[in-house]
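Thanks for coming. I will go through a few local features of one model, then take comments.

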Amino acid sequence: MTAVRFLAYRLAGIVLVLLLVALATYLVFYLLPADPARLSCGKPCTPENYAAAQRYLGLDAPWYGQLWNYLSGIVTGRRFGSGTGVVDCPAPCFGYSFQLSTPVTELILTRLPVTASIAIGAAVLWFVAGVLGGTLAAVRRGRALDRAIMTVAIAGVSAPAYLVGLLAILLFGFTLGWLPTGGYEPFTEDPVGWFVHLLLPWSALAFLQAAIYARLTRSEVIDQLGQDHIRTARAIGLTERAVVVRHGLRNALIPVVTVFGLDLGGLLGGAVITERVFSMQGLGSLLISAVGTTDLQTVVGVTLFAAFLITAANFVVDVVYSLIDPRVALG
Amino acid sequence: MTVLRHLRHDPWALAGGIVVLLFVLAAVLAPLLTAIPGQDPYRYHLDALDDSGAPRGFGGGISAQHWFGVEPLSGRDLFAIVVYGARTSILVGVGASAASVLVGVAVGLVAGYFGGWVDRVVSRVVDVMLGFPSLVFMISLTAVVAASFPKPLLIVLIIGFFGWPSVARVIRGQVLSLRSRTFATAAEAMGAPAGHVLARLLLPNVGASIIVYATILIPASIGTEAALSFLGVGVPPPTPSWGRSIGDAVAWFRVDPAYLVFPGGALFLLTLAFNAFGDGLRDALDPRVSRGRRSAATPVVDDRVVPNR
């Protein structure tokens, strides 16, 4: 298979997954117990008001019609109501929050930079620290560094990120006063403040994962270094660094990247929790406050957006994967 | 039993098992334990607080009556909250894991045994679900169910629903290799119905994996419940929950760190103990892992399956 066909195949698969996810989400949220029309009908909820609310929200259509309106709204935008009470929701329309009188897409875009900053920075930190630490531990097997990394990894799996985060705030924020205890500065306004505010959230979220990745990388590198091609590479006189990095690590990274792809969903969840620990106003706090006020349009919109985001990120991981492991793209 | 003998020589697993047992005992005996100092997790003790709502005295108001101090703002007994919180954590953890195992084993057995398009569909669904932002979905799902539905049961079902794919994947893999073994082929050749082969021949052979996976799932489910309660969408007040206490402690831990330390410590200790016990159990039940000392290269807790190497 050529690279182009591989990509086209993967893209088609992703569109299918997105459609199914949208279908499942829609069915769960709009057709199960919660009744959006009743929620927005006001009190007292007369049958006329209820019918009007249903018409306004487009809930008088059969379920497949509603689903179609919702899906096509993401691509082309959509309009609620008619006449004087009309509300426009421009594409890509992930719903319209009638409580906040704002399209959900707009809400998401104002909050996304916070969550994305946390998640991407933490992911970079955990991947780099994990792979570096694991490789070092593998090369220095049995020494103090190796033992330290493995101990942290075992204890780390049991400590939730928010506990680590809270302890980190207590130590570096309150006691030592080195770093801010919470809040967020936009990168565009103050890059240094952005970095300083995110340092603790990144570390808290990445710490445990880095330990887990270190352990995985370590066992993979040790496994690889015992293979025949490594003996050959050493025999033809390559430097130890070249042997480890080019022949050991490259192959060892393949399963690590696979696990990384699986962990992206968890990364987003971790970012949601981290937001709360460091009092940042990201996607997570948007979602949780929408849950608190039963703002269903926002709940569904954010959920679907999160699913789309993770699916897209997985596609990127797949492409990277095919670059590291040529067998995937060619075979 | 070789399993017990093996566990006896694994100090980490032994310690983990004992700690888990102590927590379970504390949860079961919660009313008796809290009766010793004469406390319960619901009664307010405003006299134990100062004007700002913070507990009076050392360590969040630790005293002969309040062994772990009291909760800020309400003055409820923190020891009672932690002990009753163990009930919440363990019940939700075990309940959700049971749901995950039940669904996961059923799906895994069917997919592995029948193969073909059933297996392809199941495997794709599992792949998609494993990579999913499940916490985000769980948060959203707490919003859509009618308020009359009991919230703790909803939490159990939601956590259980997102736990089955990993079980299904492991069981499927095992059934795939088991069904080509001679005893399964022989039973089929003699005309045994699929149900008989699945329930009587294959299920008992994956029993060990089910036990190991349950011990991995329980601490994970406990952690998820704590995370949901921490975010304010989990078990509703006044039912004690460690996660919610930790979440409430965020606003207080500068003034009253003890309010974070006791529920947080309990959560960490129970999860660590479960993980240590689960590791030991896996070593004891899995003949492929070397008996005696575990080699350092064996992944201890992380049991994610790496496909297509």
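Helices and loops in chains A and B

What you have on screen is a predicted model. I start with a loop in chain A, the one between α10 (240-277) and α11 (283-292), where Ser279(A) sits. Ser279(A) is not a glycine, yet its phi is positive, near 40°.

The axis of α10(A) comes within 9 Å of the axis of α12(A), residues 296-324, and the two cross at roughly 175°. An angle over 145 degrees counts as roughly antiparallel, so that is the label for α10(A) and α12(A).

Which residues meet there? On the α10(A) side, they include Arg250(A), Leu253(A), Val257(A), Phe260(A), Gly261(A) and Leu268(A). On the α12(A) side, among them are Ala306(A), Ile310(A), Asn314(A), Val317(A) and Tyr321(A). By class, the residues of this contact split into 13 nonpolar, three polar and one charged.

Now helix α4 of chain A, residues 63-76. This helix has 14 residues, and from its first C-alpha to its last it reaches 19 Å, close to the 20 Å expected at 1.5 Å a residue. Tyr70(A), Gly73(A) and Ile74(A) are the buried residues of α4(A). Why do they fall on the same side of the helix? Because the arc they cover around the axis is only 100°. The other side of α4(A) carries exposed residues: Tyr64(A), Gly65(A), Trp68(A), Val75(A) and Thr76(A). Just past the end of α4(A) comes Gly77(A), with a positive phi of about 85°.

One more residue in chain A is Asn49(A), located in helix α3, residues 47-57. Asn49(A) has 16 C-beta neighbours inside 10 Å and therefore counts as partly exposed.

Last, a backbone detail in chain B. Where is Pro238(B)? It lies in the loop between α11 (207-230) and α12 (242-249) of chain B. The peptide bond joining Pro237(B) and Pro238(B) is cis, with omega about 10°.

That is the end of my list. Comments are welcome.

Conventions:
Residues are numbered from 1 along each chain as its sequence is written. Chains are lettered from A and ligands numbered from 1 in the order in which they are written. This is a predicted model: local features need pLDDT of at least 70, side-chain atom pairs count only at pLDDT 80 or more; totals for chains, interfaces and linings use all residues. Helices (H or I, at least four residues) and strands (E, at least two) are DSSP runs, numbered from the N terminus. Axes are lines fitted to C-alpha atoms, for helices over the stretch in contact, and angles run from 0 to 180 degrees between N-to-C directions. Angles under 35 degrees count as roughly parallel, over 145 as roughly antiparallel, 65 to 115 as roughly perpendicular and the rest as oblique. Two residues are in contact if their C-beta atoms, placed from the backbone, lie within 7 Å. Ala, Val, Leu, Ile, Met, Phe, Trp, Tyr, Cys and Pro count as nonpolar, Asp, Glu, Lys and Arg as charged, and the others, Gly among them, as polar. The expected span of a helix is 1.5 Å times one less than its number of residues. A residue is buried if 20 or more other C-beta atoms lie within 10 Å of its own, exposed if 12 or fewer, and partly exposed in between; C-beta atoms are placed from the backbone. The arc is that of the directions from the helix axis to the C-beta atoms.
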